[in-house]
Amino acid sequence: MSPTDKKRQADFQIIARWVNEGDRVLDLGCGRGVLLEYLKQKKSIYGVGVDIDLDKILSCVKRGVPAYQGDIPAILATFPDDAFDRVIFSRTVEQLDDADAILAEGLRVGRHVTVGFINQGFWVNRMNALFNGRRTVNEVYPKPWYESMPNNPFSVAEFEDFCDARKIVVENRVYLSGDWRSECSRLPNLLAGYAIYDLSSID
Amino acid sequence: MNDSEQAPLISEEGEVGFVEYQDFVSKEPFKFVSGGSLPELTLRYETYGHLSAAKDNAILICHALSGDHHCAGVHGIEERKQGWWNFMVGPGKPIDTTRYFVICSNVLGGCQGSTGPGSTNPETGKPYNLDFPKLTVQDMIKAQSLLVDSLDIERLHAVIGGSMGGMQTLQWAIDFPERVGRYLALASGARHTAQAIAFNDTGRQAIISDPAWQQGHYDPEHGPDQGLAVARMMAHITYLSDVGMQSKFGRKRRNVDESKEHFEVEFEVESYLRYQGASFVTRFDANSYLYLTKALDRFDLHSPESLDATLSAVTAPGLVVGFTSDWLYPPQGNREIVEALLRLGKDATYAELAMDFGHDSFLVRSPQLYELIHRFLTR
């Protein structure tokens, strides 16, 4: 595993903390199924991945991870309420067309929702914008804007506002510092490179 | 993100080479879902590769409406055309005959050696014709299960099929969950759309309205060839796509003889379809066509209760593949199967391939389909 892969997967352990043994887990934007494979090994979950890209589905097939190639809103609509114990959006929300509606659907289909995102308010991102007038390009997001997926970045503070406005219950929140490995809790909107939220709806 | 994974290399490919068919004969009466029965039953089949000592490496391939048991290799040196899925089946290919024992049988009700309407009824000495019992996909796979029994195979490593073969595959997973290790249904669906039934019935009417059909009691040498050819021409259009036809034929013309009739072949696409129709009648029986298309129209996994209720019997992991340009069995019809399976908490995967060849895409070699089948069988 390369250092980049390690960094990418640092959040797996935190995500796994909130998953119970044998849970039914839906991973939206599952990529190559690495997280689901990890959760299957650690927690014996029944996991299903969703991704739009055939190449990613091919990797899921290789891993033995059930996967559905298609649109996130379309597949969510086919599930009854509370069909899953947990719905995971791991670095997915930034790329959604209608994040508000899809997160609401996630909370309907899953009893709990995990959202992991890169904190746009992290000081390095602020510095890059302020002094360089550029977005951050690093080992996790190595591609320039014209080669990457459409991205709608947001900050810890903005996500907190959203949960507040929508009356979403934040059960847990974990912040990772800039190395994405060590947990941090002070001034998260400024000091956290990555944030992971454990959510549920009120009723 | 640059997180591509290296594609596994598939070892060098070989061919299954010369193959011979075999006949499985059951002298026991065979009962149909409809209540009808046959006094005895023959299924013609081919096998490739070797059955392991543990008898755990068998793969059953189910063919489509106009396919047959000959899916790989050649029967003789003079045979130009290889089996219908030759690119998929063979040493080093996704359905690897060095690892798997592959079985493909001509379907019950067919006309390539298995018992069908054209077969002789041993009790009367005459062809069954329309006395052949009402046929369903369930009957087809029940007959196949007898063949699998005869080969002393308890559990199949996998069942695979496209189109009508995909429906048989799904039915296998539902009716014989304990005998199916995994299943792979390509370009299929849980039931025909109104459009698919409409096309099938137009084809049937072309046959039935051909005077040579004679209420099904035609002399095999002088069958309703016109009607069957028209049915095939029309069905063939539904297997292709607008884009595919446009790029293959466009408005290309043949060398037209101006002195000839108004309605001689003028466009390439006309020539192609007429050839398809004319060659089909040399290998297909009109009554078989009627029975098989009707079996497909009746196939409905939403019945008697719901798709979810029907699929609740499935235990094996499944892969369902839809093709973007398939308008006969469109992606949505493939997708809904996996949606139901996932609702039920089953291990199921849906993949969608962007290919221009319409419904027939599963019969066209593509690296992605190759990868998908290879990975699913070996996972």
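In the predicted model, the centres of domain 1 and domain 2 of chain B, taken over C-alpha atoms, are separated by 26 Å. Domain 1 of chain B covers 22-191 + 300-378, and domain 2 of chain B covers 196-292. These bounds come from an automatic or database domain assignment. The contact takes 20 residues from domain 1 of chain B and 17 residues from domain 2 of chain B. Two residues are in contact if their C-beta atoms, placed from the backbone, lie within 7 Å. The side of domain 1 of chain B that touches domain 2 of chain B has nine nonpolar, nine polar and two charged residues. Ala, Val, Leu, Ile, Met, Phe, Trp, Tyr, Cys and Pro count as nonpolar, Asp, Glu, Lys and Arg as charged, and the others, Gly among them, as polar.

Residues are numbered from 1 along each chain as its sequence is written, chains are lettered from A and ligands numbered from 1 in the order in which they are written. As this is a predicted model, local features need pLDDT of at least 70 and side-chain atom pairs count only at pLDDT 80 or more, while totals for chains, interfaces and linings use all residues.

The two chains also meet. In this contact, 22 residues of chain A face 23 residues of chain B. On chain A, β2 (46-51), α4 (54-63) and β3 (67-69) each supply at least two residues of the side that touches chain B. Helices (H or I, at least four residues) and strands (E, at least two) are DSSP runs, numbered from the N terminus. The largest share of this side of chain A, seven residues, comes from α4(A). By class, the side of chain A that touches chain B has 14 nonpolar, five polar and three charged residues.

Strand β12 of chain B spans residues 183-186. Tyr183(B) and Ala185(B) point one way from β12(B), and Leu184(B) and Leu186(B) point the other way. In a regular strand the side chains alternate between the two faces of the sheet. All four of these β12(B) residues are buried. A residue is buried if 20 or more other C-beta atoms lie within 10 Å of its own, exposed if 12 or fewer, and partly exposed in between, with C-beta atoms placed from the backbone.

β12(B) pairs with strand β11 (residues 158-162) of chain B in the parallel sense over four bridges. Two strands pair if DSSP finds at least two bridges between them. Ala185(B) in β12(B) stands opposite Gly161(B). The chain crosses from β11(B) through α2(B) to β12(B), and this β-α-β crossover is right-handed. With the strands pointing away from the viewer, the path of a right-handed crossover from the first strand over the helix to the second runs clockwise. β12(B) also runs parallel to strand β13 (residues 318-323) of chain B, and four bridges join them. Here Tyr183(B) has Gly318(B) in β13(B) as its bridge partner.

Helix α7 (residues 286-298) of chain B has 13 residues.

β4(B) pairs with strand β1 (residues 22-26) of chain B in the antiparallel sense over five bridges. In this pairing, Thr42(B) in β4(B) stands opposite Val25(B). Four bridges join β4(B) to strand β8 (residues 101-105) of chain B, also antiparallel. Tyr45(B) has Ser105(B) as its bridge partner in β8(B).

Some backbone features lie in loops of chain B. A cis peptide bond, with omega about 5 degrees, joins Ser303(B) and Pro304(B). Pro304(B) lies in the loop between α7 and α8 (307-311) of chain B. Lys55(B), a residue other than glycine, has a positive phi near 55 degrees. Lys55(B) lies in the loop between β4 and β5 (58-62) of chain B. Gln214(B), also not a glycine, has a positive phi of about 50 degrees. Gln214(B) lies in the loop between α3 and α4 of chain B.

Note on methods. Expected span 1.5 Å × (residues − 1).
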